[in-house]
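This report walks a new reader through one protein chain, from its overall fold to a few individual residues. Please keep the sequence and the three-dimensional view at hand while reading.

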Amino acid sequence: MKRNWMIWAVAAIALMVSCTDKKTAENVADNDSANVVDTTAQVNGNIDLTSVAGTYEGTFPAADGPGIKTLLTIKADSTYQLRQDCVGQKDGHDEASGVFKVQDGNILMLVRPSSGERTFYKVKGADCIVLTDSLGNEPEGETAKFYVLKKKK
């Protein structure tokens, strides 16, 4: 069930990035990628995991509802915990934890141990990360701002 949900979630995200203008009030108020500046602390060309470590949150678009509330905790020891809840759906909950690798200096590749599934985030600064494709390409257009997770204070 969880695997099917994740497959649909990834497909929904890809669909939303490519062809929709739908916005949720929460996303419009909280996320604005135009204001995201790449100020990543770098050590030897790679991100400084101690400055990136923390909990990030946001709501990604969903094809069948108001969104997917996402809570991602990045730890300096290269492990992560991910919690996602489909807003308004009682069975739309998913949790994962595992390890991540840093690619190209500022791309976090999260690997789900149970399936080997990979998810990619680009570190845009000490306070935000952006969901990307496997090459580190960020979403473009009006919906791009909906794929930003901001660090909890």
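This is a predicted model: local features need pLDDT of at least 70, side-chain atom pairs count only at pLDDT 80 or more; totals for chains, interfaces and linings use all residues.

Several of the pairings can be followed in detail. Strand E3, which covers residues 54-62, pairs with strand E4, residues 65-74, in the antiparallel sense over eight bridges, and within this pairing Thr55 has Thr73 of E4 as its bridge partner. Strand E3 also pairs with strand E10, residues 148-151, again in the antiparallel sense, over two bridges; here the partner of Glu57 in E10 is Lys150. Strand E10 is joined in turn to E9 by three bridges, the two strands running antiparallel, and Cys128 stands opposite Lys150 of E10.

## The chain as a whole

The protein chain contains three helices and ten strands, and, when it is read along the sequence, these elements follow the pattern α-α-β-β-α-β-β-β-β-β-β-β-β. Of its 153 residues, 42% count as buried, while its accessible surface comes to about 8300 Å², of which 51% belongs to carbon and sulfur atoms. Among the contacts between residues at least 6 apart in sequence, 46% join residues that are at least 24 apart.

## The nonpolar core

The largest nonpolar core has 23 residues, and those with the most contacts inside it are Leu72, Ile74, Tyr80 and Tyr121. Two or more residues of this core come from each of helix H3 (49-52), E3, E4, strand E5 (79-86), strand E6 (93-103), strand E7 (107-111), strand E8 (118-125) and strand E9 (128-132).

Tyr121 shows how many parts of the sequence can meet at one residue: leaving aside neighbours within four places in sequence, its contacts include Phe60, Leu72, Ile107, Leu131 and Leu149. The C-alpha atom of Leu131 is separated by 9.3 Å from that of Phe146, a residue 15 places away along the chain.

## An aromatic pair

How many aromatic pairs does a search of the whole structure find? The search finds one, formed by Phe60 and Tyr147, whose ring centres are 5.8 Å apart and whose planes meet at 25 degrees, so the pair is stacked. Because Phe60 lies in strand E3 and Tyr147 in the loop between E9 and E10, the pair ties together parts that are 87 residues apart in sequence. Phe60 and Tyr147 are both buried.

## Two loop residues with positive phi

Most residues other than glycine have a negative phi. Against that background, Ser78 has a positive phi, near 70 degrees, although it is not glycine. Ser78 lies in the loop between E4 and E5 and, with a relative accessible area of 24%, is partly exposed.

Asp104, another residue other than glycine, also has a positive phi, in this case near 50 degrees. Asp104 is found in the loop between E6 and E7, and it counts as exposed because its relative accessibility is 70%, over the 50% limit for that class.

Key. Residues are numbered from 1 along each chain as its sequence is written. Side-chain values use heavy atoms; hydrogens and water are left out. Two strands pair if DSSP finds at least two bridges between them. Helices (H or I, at least four residues) and strands (E, at least two) are DSSP runs, numbered from the N terminus. A nonpolar core is a set of buried Ala, Val, Leu, Ile, Met, Phe, Trp, Tyr and Cys residues joined through side-chain atoms within 4.5 Å. Buried means under 20% relative accessible area, exposed over 50%, partly exposed in between (1.4 Å probe, protein chains only). Contact means heavy atoms within 4.5 Å. Accessible areas come from the Shrake-Rupley method with a 1.4 Å probe; for residues, only the protein chains shown count as cover. Rings of Phe, Tyr and Trp (its six-membered ring) pair if their centres lie within 6.5 Å; planes under 30 degrees apart count as stacked, over 60 as edge-to-face and the rest as tilted.
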